[in-house]
Amino acid sequence: MIERFRHLLAIEPLSAAQIAFLLDEARPFQQMQTYPLKKLATLRGKSVVLAFFEPSTRTRISFTAAAGRLGADTLGLQAESSSLKKGESLADTIHTLEAMKPDGIVIRHSSSGAAEFVAERVRVPVINAGDGLHEHPTQALLDALTIRDRRGSLDGLAITILGDIVHSRVARSDIHLLSKFGARITLCGPAMWLPRELDTLAPGVRRTTRIDEALEGAEAVMALRVQEERLHEPGLPRDEYIRQYQLSRARLARACPGALVLHPGPMIRGLEIEPAVADGPQSCVLEQVTNGIAVRMALLYLLIGGTGSLEDLSHASA
Amino acid sequence: MLLLKNGRVVDPATRTDARLDVLIDGERIAALGPSLEVPAAELVDASGWVVAPGFIDLHCHLREPGDESSETIETGACAAARGGFTAICPMPNTRPVNDNASVTRFILDRARAASLVRVWPIGAVSAGSRGESLAEISAMKDAGIVAVSDDGHPVATAKLLRQAMEYCRSLDLPLVDHCEDSSLFAGAVMREGPRSVRLGLAGMPAATESICVARDVQIAELTGGRLHVAHLSTAESLRLVREAKRRGLGVTCEVTPHHFTLTDDDVGYDSRFKVNPPVASRQDRDALLEGLADGSVDAIATDHAPHEPARKEVEFDRAPFGMIGFETALALALEQLFHSGRIGLTRLVELFATGPARVLGIARRLAEGEPADLTLFSVDEPWTFRAHESASRSRNSPFDGREFRGAPMMTIVAGRVAFRR
C-alpha cells in the first residue's frame, strides 16, 4: 500500500498519468456546470478554509463556488483583514485556522513556498492556490483541461507563452504540466523577463525575444498578465511592451489556423492582449473560468471527500 | 599545571607535526617536548588527538547587546568553546551598534564575566554602521577592537571606504568588508541561477559580490590599507583576491563552512538555508574548495548568525539571513577538506588558527612562553550534530542531524579548560 496523496502543492512532482487522472476526474464536474441545478451534497458537512493572504478575486470565487457546489462550507480569510496585518506569523495563523477543524485548507500567499510551509504544519489537505512566483497548480490544470477539450489531447502540443515569464507562477505550473505531455513550449517576452535559466525548468522549453518567431506554428498561445508594478521596477515602458509583445490579431495570424488563445486573468485589454483577440473566436478565456470550477471541484472531492481513489496520486505530496 | 600527553602537535607557525607532550603552567605553555614527565601536573591523555594552536573565528554575531533572545555573549562563547574556538570576533551589528568605546567595553566586560573564550570585538567602520561618517575607531581600538567592519552591509561608498582604509592604516587595523552591491538586486533571498528560477525565489547574481570586491581591492591599492574580504563566496571574488595578493596588496579573505559545503541545489523553502551571501553554485563552491586547498584563502570563519526560532520559522522570503556555525565548523572542514583528501592537517590548522591570526596581525604559535590557547581535536570521533543540543540560544542550522567524523575534544583558553568533550 503506497502512502496516500494528501496535498496539491505543485505540478512539478506530478506524473503525466496523475495529471491525466485529475483531468478525467474533472469531466463530470465540467458537465455539471451546464445543469440548471449545480449543487451536490457530496461534501455536505465538510468545511474548507480559504486562506487568501494575497488579494484575489477570481481564484477565490472559483474555489468558493467549487466548494459550495459540492455542498461544503467555506471559511474565508482575506488579506486585507487578516491577522497577518496585525503581525501574526503564518505558522500561528494557520494553527489557529486548523483549530477551527476544517477538512482542508486552500492557500494563496505572496511568498514562494508558503503552501509547502503550511502543508508541513497541518494535518488536513492543503491546496496551493498560488504561492509567490513559484506555482499555481490549479490554474495549470484548468488550462490543460481547456486545451484538451478543444484539441482532443495534450500530447505534443506546440504552445507559446507570452509576457513576464520569470515572475509568473502560472507560467511555471503550465510549463511543468505541458512538458510532461511532450509539449513544445516557446517562451517569449522582454529579455529581462526571460532568463536563460528558464530552459532548465523542464524538457521541451525554448526561448525567444521575437514574438513573430514565437508565434510561428503555435497551436495555442497564452498571454500572461503584465503586472503594472513590474513595468516600473525598472522594467519596460508600457508602450514599448505593447509595441513589441502585445498579442494582436495581426500577430496571431502567424500561429496555426484556429490556434487557441488563453489568458489566466485578470486580463488587461489593450496591454498584453488586443481586445479583438480577447473576444475573438479563438479565445478560450471564459471556458478557462468555467473549467476552473470543475477542476477545483474534482480536487476538493478527491482530497477532502476521502474517497480512497487516490493511490495514483501517491507521489504527488512531495 | 596541565600536561597534555601523546598528542599529535600540529603547528604551521613552527612547522611542527610530531608526537609531543605539552606542559601548561598558569596561562602559558611551559614546555613542549617528547615524553615530558611532570608528576605534579594534571594529566590529559591526548593520544589520538591533534593538539593545535587555538582556533580563532574572525566572523561571528553574538547579538548582545540588543537581541539577547537569539544569543548572549555567554551562550555564544559557550558554543564557540564547544566548537574548538579559543578566540572569536563578534561583528558590531548589535543594538546599539559597536561604534564607540563604551559598547566595546560592555562587550569585553560581558566576555570576562562569561570567562570562556577570548572575545575580540570588531568595531563599526561608520557611526551606527550607517555608511555616512567614521565611527570612533581609535577609541575603540584602545578599548580592544581588533578590526573594523560595517558587516551586514558593505562600506557604503568608495569615498568612505577610502577614508576608513587610510585611517585604519595609521591605526594598523584591518578593515573587514561584507562585499555586496545591493543595487544589483531587490529583495533577493538566494543565489540567482536555475534553482532560484525553479523555486520562484528572487536571486542575486554572483556578480553582486565580486563587483564590490573589485572596488575594495582598488581602494586597498589606492590607500595601502589592509582589506579582509568577509565570507567570500564566488569564484570571481576569489580570482580578484588571488590577483591582489599576486600584486602584493594587503588583501586577505575568509570562507565559511556553509559556503564550502552547500550549493544552491541544497536550497528549498527551508529558511535554515537562507544566508547572506547565499550559498553558491556548484562551480563557485568547487572554486572555494580549491582556494582553501591552494592557500589563496586565509581563514575559515563561521559567520555564526543566531536567530531565535520564532523569527526564523517563517516564509523563506521573510526570514532573516544567517545560520549558527560554531559547533559544526571543524567537522565540516574535516568532511569537505581533510577526509576528502584536499588538504592535510597542517593546512587545516592554518585555516583555523595561524591564518586568522595573520589576518589580525598577531602571532599564534605553539611554543614555550606563548599563551596556552590550544584546540585539541579528533579527526575520527563519530558524532551527530543536534541543533537542539547546541549551546547557542538559537537553533538555525541547516546541518541539524548531520553525521560527522571528527570533533573538537578540548578547548584550552589561557591555560583553562573551556570545553571538554
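1. A residue counts here as buried when its relative accessible area is under 20%, as exposed when that area is over 50%, and as partly exposed in between, using a 1.4 Å probe and protein chains only. By that criterion, buried residues make up 58% of the 318 residues in chain A, and 64% of the 421 residues of chain B.

2. The model is a predicted one, in which local features need pLDDT of at least 70 and side-chain atom pairs count only at pLDDT 80 or more, while totals for chains, interfaces and linings use all residues; side-chain values use heavy atoms, with hydrogens and water left out. Residues are numbered from 1 along each chain as its sequence is written, and chains are lettered from A and ligands numbered from 1 in the order in which they are written.

3. Chain A contains 12 helices and 9 strands, where helices (H or I, at least four residues) and strands (E, at least two) are DSSP runs numbered from the N terminus. The radius of gyration of chain A is 19 Å, close to the 20 Å that the globule rule gives for 318 residues, so chain A is as compact as a globular protein of that length; the radius is taken over C-alpha atoms, and the rule is 2.2 Å times the number of residues to the power 0.38. Along its principal axes, the C-alpha trace of chain A spans about 55 × 45 × 40 Å.

4. Chain B has 12 helices and 19 strands. Its radius of gyration, 20 Å, agrees with the value near 22 Å that a compact globule of 421 residues would have, and the C-alpha trace of chain B spans about 65 × 45 × 45 Å along its principal axes.

5. Taking a contact as heavy atoms within 4.5 Å, residues 24 or more positions apart account for 75% of the contacts in chain A with a separation of 6 or more. In chain B, among contacts between residues at least 6 apart in sequence, 75% join residues at least 24 apart.

6. Helix α5 of chain A (residues 137–151) has 15 residues and should span 21 Å at 1.5 Å a residue, which agrees with its end C-alpha atoms being 21 Å apart; the expected span is 1.5 Å times one less than the number of residues. The helix α5(A) is mostly covered, with 12 of its 15 residues buried, among them P137(A), L141(A), D143(A) and R148(A). After α5(A) comes G152(A), whose phi is positive, near 100°.
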